[in-house]
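Here is a briefing for a reader who is meeting this structure for the first time. Please keep the sequence and the model in view while reading the points below.

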Amino acid sequence: MKYHPAIDEVNNREDLCGAIRKYVLITPARNEAAFIEQTIQSVVCQSVHPVKWVIVSDGSTDNTDEIVRKYIAKYEWMELVRVNEGKERHFAGKVRAFNAGYERVSGLEYEIIGNLDADITFDKDYLSFLLSKFSDNPRLGVAGTPFRERSQQYDYRFTSIEHVSGACQLFRRKCFEEIGGYKPTSVGGIDLVAVITARMKHWETRTFVEKTCMHHRVMGTGMHKQSMVCFRGGRGDYLLGGHPLWEMCRSIYQMKNSPYILGGSFRFAGFVLAMVAREEKCVSADFVRFRQSEQMKRLKQFIMNALVGRID
């Protein structure tokens, strides 16, 4: 399949109804040779192609770069940026890689910017579906869909549709610039911080459950590993300003999932130990107040719904 400039010019032009069609994608990738070709094929097959898609190979030592180069020869709107592995051995490195791609789109004309993981796939109308949501709602700042791992998907009783997963986050350009882009943290949660900051600045954020994407890298398959993931998740929630009551309820709820009992217990233990140690939070006091206020409103609504039998 060859790249056709005339076709892409039509694809990326706003139509008479004012639909948003100009977007860019950035994909940080480190050793994603097992999955990235599927992701590339998903983007190539989209009904609307991006103005530019920058894939940032962050110190990859496998065949990631070679796979990407094969497609760059066919599609001029794709670009590979190679950055050498830095000192960061945590989630801050992903932000550094994203920003390397962000620099490559700085002079382009676009309305939407997307952060796309290198291990997800979706149907051919996936991105045009999300673009249409921005066209429909001028206050929509961040949009995405749920992701699935095998047969599992988030339970939206405890995961608000206002949160947008980092697997594929699309931002209105003005919103992304107002929040100052992604903020590096050593504990992760860069997607969560971005979405909550957008709401703090009065943008709407939304996960649209009508579609899903598939996440192919399944994390934490061993019992011990899963428990440690839960422990780090609880610690991370504290460092990112979570409310203790919310975390307790979330941990209890998680006990029904594998690893049964242990997962929720480790999660709450991670939160409590960080709280007792008074570890320094990664976010501002204003962020903490805003996030905890949202959590208490959601918890109150959850309890009210449960009392009136609206939750199965």
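Phe 147 is buried, because its relative accessible area is 15%, and buried here means under 20%, exposed over 50% and partly exposed in between, with a 1.4 Å probe and protein chains only. This is a predicted model, in which local features need pLDDT of at least 70 and side-chain atom pairs count only at pLDDT 80 or more, while totals for chains, interfaces and linings use all residues. Residues are numbered from 1 along each chain as its sequence is written, and side-chain values use heavy atoms, with hydrogens and water left out.

- Phe 147 lies in strand 7 (residues 147–149), where strands (E, at least two residues) and helices (H or I, at least four) are DSSP runs numbered from the N terminus.
- Although Phe 147 and Thr 212 are 65 residues apart in sequence, their C-alpha atoms are 5.3 Å apart in space.
- Ile 252, placed in helix 9 (residues 244–254), is exposed, because its relative accessible area is 51%.

- Apart from its neighbours within four places in sequence, Ile 40 is in contact with several residues, among them Ile 55, Ile 67, Val 68 and Tyr 71, where contact means heavy atoms within 4.5 Å.

**The chain as a whole**

- The secondary structure of the chain amounts to 11 helices and 11 strands, and buried residues make up 48% of its 312 residues.
- Of the contacts between residues at least 6 apart in sequence, 81% join residues at least 24 apart.
- The accessible surface of the chain is about 15,600 Å², and carbon and sulfur atoms account for 54% of that surface; the areas come from the Shrake-Rupley method with a 1.4 Å probe, and for residues only the protein chains shown count as cover.

**Confidence**

- The average pLDDT, which is the predictor's confidence in each residue from 0 to 100, is 89 for the chain, and 86% of the residues score at least 70.
- Over residues 1–17 the pLDDT is below 50, and this stretch has 28 contacts in the model beyond near neighbours in sequence.
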